[in-house]
Structures are given as structure tokens and as C-alpha cells.
Amino acid sequence: MDNCIFCKIINKEIPSEFIHEDNEIIAFNDINPAAKHHVLIVPKKHIPTINDLNESEEDELLVGKMTVIARNIAKERELSGYRLQFNVGRSAGQIIFHIHLHLTSDG
Ligand code: 5GP
Ligand code: ZN
């Protein structure tokens, strides 16, 4: 989508180091980390918020896959514990309107 910073990262218009990339999902470090580990797991499909998910197998599988990728990154990094968070809507602190799962951990 035009003017979406995460779409620009996905399309490599903004150079970024990817922690994970497959045909549907990318992951990269948050530019302003809130913890020692702060990774964003982002679908390539532009969906503004969790409220915009379709009740389709495609979208349900996509969100499930984001969680599994977050788990794999936590496992690779041998994190003893971690948090997974979606901010939904401006009042909950969402500032980028392209869904993303925050993985945060201090180890
Ligand atoms: P939100 O508040 O929308 O759930 O989270 C957006 C996150 O994206 C924030 O933690 C913010 O630091 C991060 N962020 C915003 N712009 C960029 C960027 O250009 N690159 C990266 N890597 N992270 C960004
Ligand atoms: Zn987007």
C-alpha cells in the first residue's frame, strides 16, 4: 500500500536486515527496541489492524503462522521467556497500520 512504511520495508524500498523471510511473512528488529530483544513479525499482505482480518482460512492461517515464526525466533535465541503482543487501534498504541506481532524479551 502507498505510504505504508512496512510495505516499503517488505518491498525493499527501505533497506532493512531481515531476521526471517518467506513468501508470506518477514521479521526484523524494531527500530526503537523496548527490550533487549524486540522483533516485529509482519505479513507481506497489507492488513491495517487485527480488526480488518477476514474470517477466512487464509487470514487465520497467516496469523497462526506469525505466532509459529515468533516461537521459532525465541527458540533460536534460547529465550527463557518472552511476550507476544498485537496493539490494535490508536488508543492501544498502534502507530503503524499494517499488522505486526511484537516479540519482546530481556532474555
Ligand atoms: P505499534 O505501536 O504500531 O504496535 O508498533 C510499531 C512499531 O514499529 C514501534 O515499536 C516502532 O518502534 C516500530 N517502527 C516504526 N517505524 C519503523 C521503521 O521504520 N523500522 C523499524 N524497524 N521499526 C519501526
Ligand atoms: Zn502495509
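A pocket here is an open set of grid points where a 1.4 Å probe fits, with protein on both sides within 12 Å along at least five of seven lines. Keep that in mind as you look around, and remember that this model is predicted.

**Stop one: the largest pocket**

The largest pocket holds about 420 Å³ of space. To find its middle, select Phe6, Phe28, Asp30, Ile31 and Leu40: of the 18 lining residues, these are the closest to the centre. Now colour helix H1 (5-10) and strand S2 (25-29), the elements that each give two or more residues to the lining. Which of the elements supplies the largest share of that lining? It's H1, with three residues. If you colour the lining by residue type, you'll get nine nonpolar, seven polar and two charged residues.

**Stop two: the salt bridges**

Side chains of opposite charge can pair when their charged atoms come close. How many salt bridges does the structure hold? There are six, and we'll visit some of them.

Start by selecting lysine 12 and glutamate 21. They form a salt bridge, with 3.2 Å between the closest N and O atoms. Show the surface around glutamate 21 and you'll see a partly exposed residue, with a relative accessible area of 38%.

Next, pick lysine 65 and aspartate 22, another salt bridge, whose closest N and O atoms are 3.5 Å apart. Lysine 65 sits in helix H2 (residues 57-76), while aspartate 22 is in the loop between strand S1 (18-21) and S2, so this pair ties together parts that are 43 residues apart in sequence. Are the two partners buried or exposed? Lysine 65 is partly exposed at 26% relative accessible area, but aspartate 22, at 18%, is buried because the cut-off for that is under 20%.

Now move to lysine 45 and aspartate 59. Here the closest N and O atoms of the salt bridge are 2.6 Å apart. This pair also links distant parts of the chain: lysine 45 is in the loop between strand S3 (37-43) and H2, and aspartate 59 is in helix H2, 14 residues away.

**Last stop: a network**

Salt bridges with shared partners join Lys12, Glu21 and Lys44 into one network.

Terms used: Residues are numbered from 1 along each chain as its sequence is written. Chains are lettered from A and ligands numbered from 1 in the order in which they are written. This is a predicted model: local features need pLDDT of at least 70, side-chain atom pairs count only at pLDDT 80 or more; totals for chains, interfaces and linings use all residues. Side-chain values use heavy atoms; hydrogens and water are left out. On a 1 Å grid over the protein atoms alone, a cavity is a set of points where a 1.4 Å probe fits but cannot get out, and a pocket is an open set with protein on both sides within 12 Å along at least five of seven lines; lining residues have an atom within 4 Å of a point. Grid points are joined across faces, edges and corners, and a volume is the space filled by probe spheres set on the points. Helices (H or I, at least four residues) and strands (E, at least two) are DSSP runs, numbered from the N terminus. Ala, Val, Leu, Ile, Met, Phe, Trp, Tyr, Cys and Pro count as nonpolar, Asp, Glu, Lys and Arg as charged, and the others, Gly among them, as polar. A salt bridge is a side-chain nitrogen of Lys or Arg within 4 Å of a carboxyl oxygen of Asp or Glu. Buried means under 20% relative accessible area, exposed over 50%, partly exposed in between (1.4 Å probe, protein chains only).
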